[in-house]
Amino acid sequence: MPHINVALIGSGNIGTDLLIKALRSTCIKPVWMVGVDPESDGLKRAQSLGLKTTAAGLEGLLPHLVTDHIQIAFDATSAYVHAEHAPILRAHGVVAIDLTPAAIGPFCVPPVNLAEHVGKGEMNVNMVTCGGQATIPIVAAVSRVQPVDYAEIVATVASRSAGPGTRKNIDEFTRTTAHGIERVGGAKKGKAIIILNPAEPPLIMRDTIHCLTETTPDQAKITASILAMMKEVQKYVPGYRLKHGPVFDGNRVSVSFEVEGLGDYLPVYAGNLDIMTAAALRTAEMIAQEMLTGKFNPIRSA
Amino acid sequence: MDLRGKKVILHDNSLRDGMHPKRHQITLQQMIDVAKGLDAAGVPLIEITHGDGLGGASVNYGFPLHSDEEYLRGVIPHLKKAKVSALLLPGMGTVEHLHMARDCGVSTIRIATHCTEADVAEQHIREARKLGMDTVTFLMMAHMNDPAGLASQAKLMESYGAQCIYCTDSAGYLLPDDVTARVRLMRETLHPDTQIGFHGHHNLAMGVANSLAAIEAGAVRIDGSAAGLGAGAGNTPLEVLAAVLERMGVHTGIDVFKLIDVAEDLIVPMLDQQVRVDRDSLTLGYAGVYSSFLLFAQRAGKKYQVSPVDILIEMGRLKAVGGQEDLIEEVAQTLATAKAKKSAVA
């Protein structure tokens, strides 16, 4: 079957979970895994799964881009590192799917706006954050019924599922998620809160979405819209489940979801990995299809 | 216990932790009056922020009467000697908030994480140091980590630049020996120049006793609130602690009677309900639950016709950490459903 070769940059939790999912794809093929620590579990696992690996960072991958026909790269490093990678990948004609909160390219939350990205020929697409992927669809489900003045999300994740990149730059999470709530979710103002809980056994990712609607919420329509959106998300993250609500109180709409992962890399509690990696994979597959059908041919300038 | 000759810095939290029982609705005038009273009583440090810290204004925790910036700009110019601190919880407050607070005249920043998550504060601690602020950190819910674990988290915070690290008993769960063990090991582990602080809640009426244990073990900054105004059964009542310390020969620089007047004449008339050890707040301390869950559990209990005690105990069983207020309503509903099923069977 024709496919597009891809590289995964970043061998932490997200990169490794993504690798395992990408191996199941029919239109993309993971060829390289890039890390900075030769001892990292992610690199070792990639090697055992037959990928080529380098612990020399992006530098280690560049000489192989052409020979190995790498056309798409997932970047799961950190916001600061991706800011350095982005122009290099672009110059080499490699489309970047950015899983960091760097937010250099336009946001993509597949069930809300994947279709908008089709045919745009974007060289860099940003996946917002795990909390954003888990909540922005619901903000959009409310705002497509009636205007949302303010939307706020609270993402609670197991400590073990938050890697060092997330921890070092937690402000980027709150900032980028808030922007995504506004730009993709359609709320006039967005706010994001993240909580790390170290409980053992680890808790499953939990997300609460609070929306304040401009006028009295249409309860029936909003409930139906939220449930329909949940089904859309479940198409790629089956463990995305309604836990509580929607609760209506004046102009407030509150609803909580639980995100159970497939347990591809970290155990099922780390649904925050799945929702991010599954969304990134879906986005990459859309871009790969465009490449395979000749609608998108990125050009090397370097 | 002999604490004679020791010097401690008492830090008032009534205008920050006290925002919880006031549902973040303290008026600007009340803030100014209390802060001026504390200043005149010689309290060296006063915290002013939303109860959940900078950026806490939210549906989840409550919208305050005024923004952090309005409170800080409104109060700070009135103070003669006292310095003002602001609380910041990474994950909610950001480096931008930190800059805002400093621009308003905040001199001490207090960066708080759960007792096992110190590394999420690295960027904020480093930035605060770069700005030349007095950089203090909190290890919240300190009962959820053992002394060795807490000391190693404190060491991490120290490595990022924290100048004073608090053992923070957010649930009012610790008993004096627990405080001694934690503070003592922190003292042995940290650099001698790094200060140690203790923040207590009075849910088991241990606020004063725990503070004394902390001082004996090496803490030099102690939090309290005038009239105890704080989450749960309140913070360590600062005027009581000041009086006890004076009798024990500990230097605080505080005029005890002036502080008592602030508590009695300014704080007590502000209360919407008594802040004291009662059925629900005692449960917080007994079950090891974050003190600011109290009002949320009471509201959810009323809405779903279940006991706040049951809600709080379940929150403790679920090992909820600070900030998980959004879980309370779900827990209440689950308990209500279980109760309905049980009565249907019966």
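Which residues have the most contacts inside the largest nonpolar core? They are A:V6, A:I72, A:F74, A:V139 and B:L139, in a core of 213 residues, where a nonpolar core is a set of buried Ala, Val, Leu, Ile, Met, Phe, Trp, Tyr and Cys residues joined through C-beta atoms within 7 Å. This is a predicted model, in which local features need pLDDT of at least 70 and side-chain atom pairs count only at pLDDT 80 or more, while totals for chains, interfaces and linings use all residues. Residues are numbered from 1 along each chain as its sequence is written, and chains are lettered from A and ligands numbered from 1 in the order in which they are written.

**Where the chains meet**

- The contact takes 27 residues from chain A and 23 residues from chain B.
- On the side of chain B that touches chain A, helix 4 (122-130) and helix 13 (326-345) of chain B are the elements that give two or more residues, and the largest share, four residues, comes from helix 13 of chain B.
- That side of chain B divides into six nonpolar, ten polar and seven charged residues, with Ala, Val, Leu, Ile, Met, Phe, Trp, Tyr, Cys and Pro counted as nonpolar, Asp, Glu, Lys and Arg as charged, and the others, Gly among them, as polar.

**Domains of chain B**

- Chain B is assigned domain 1 (9-270) and domain 2 (279-345), with bounds that come from an automatic or database domain assignment.
- The centres of domain 1 and domain 2 of chain B, taken over C-alpha atoms, are separated by 26 Å, and 20 residues of domain 1 are in contact with 16 residues of domain 2.
- The side of domain 1 of chain B that touches domain 2 of chain B has nine nonpolar, ten polar and one charged residues.

**Strands of chain B**

- Strand 8 of chain B pairs in the parallel sense with strand 1 (residues 9-12) of chain B over four bridges and with strand 7 (residues 195-199) of chain B over two bridges, pairing being at least two bridges found by DSSP.
- B:R221 has B:I9 opposite it and also B:G197, while B:L10 stands opposite B:I222.
- From strand 7 of chain B the chain crosses through helix 7 (residues 207-217) to strand 8 in a right-handed β-α-β crossover, that is, with the strands pointing away from the viewer, the path from the first strand over the helix to the second runs clockwise.

**Helices and their packing**

- In helix 11 (residues 294-304) of chain B, the buried residues include B:L294, B:L295 and B:F296, and the buried residues of this helix pack against helix 10 (279-287), helix 12 (308-317) and helix 13 of chain B.
- In helix 5 (residues 110-117) of chain A, A:P110, A:P111 and A:V112 are the buried residues.

Note on methods: Two residues are in contact if their C-beta atoms, placed from the backbone, lie within 7 Å. A residue is buried if 20 or more other C-beta atoms lie within 10 Å of its own, exposed if 12 or fewer, and partly exposed in between; C-beta atoms are placed from the backbone.
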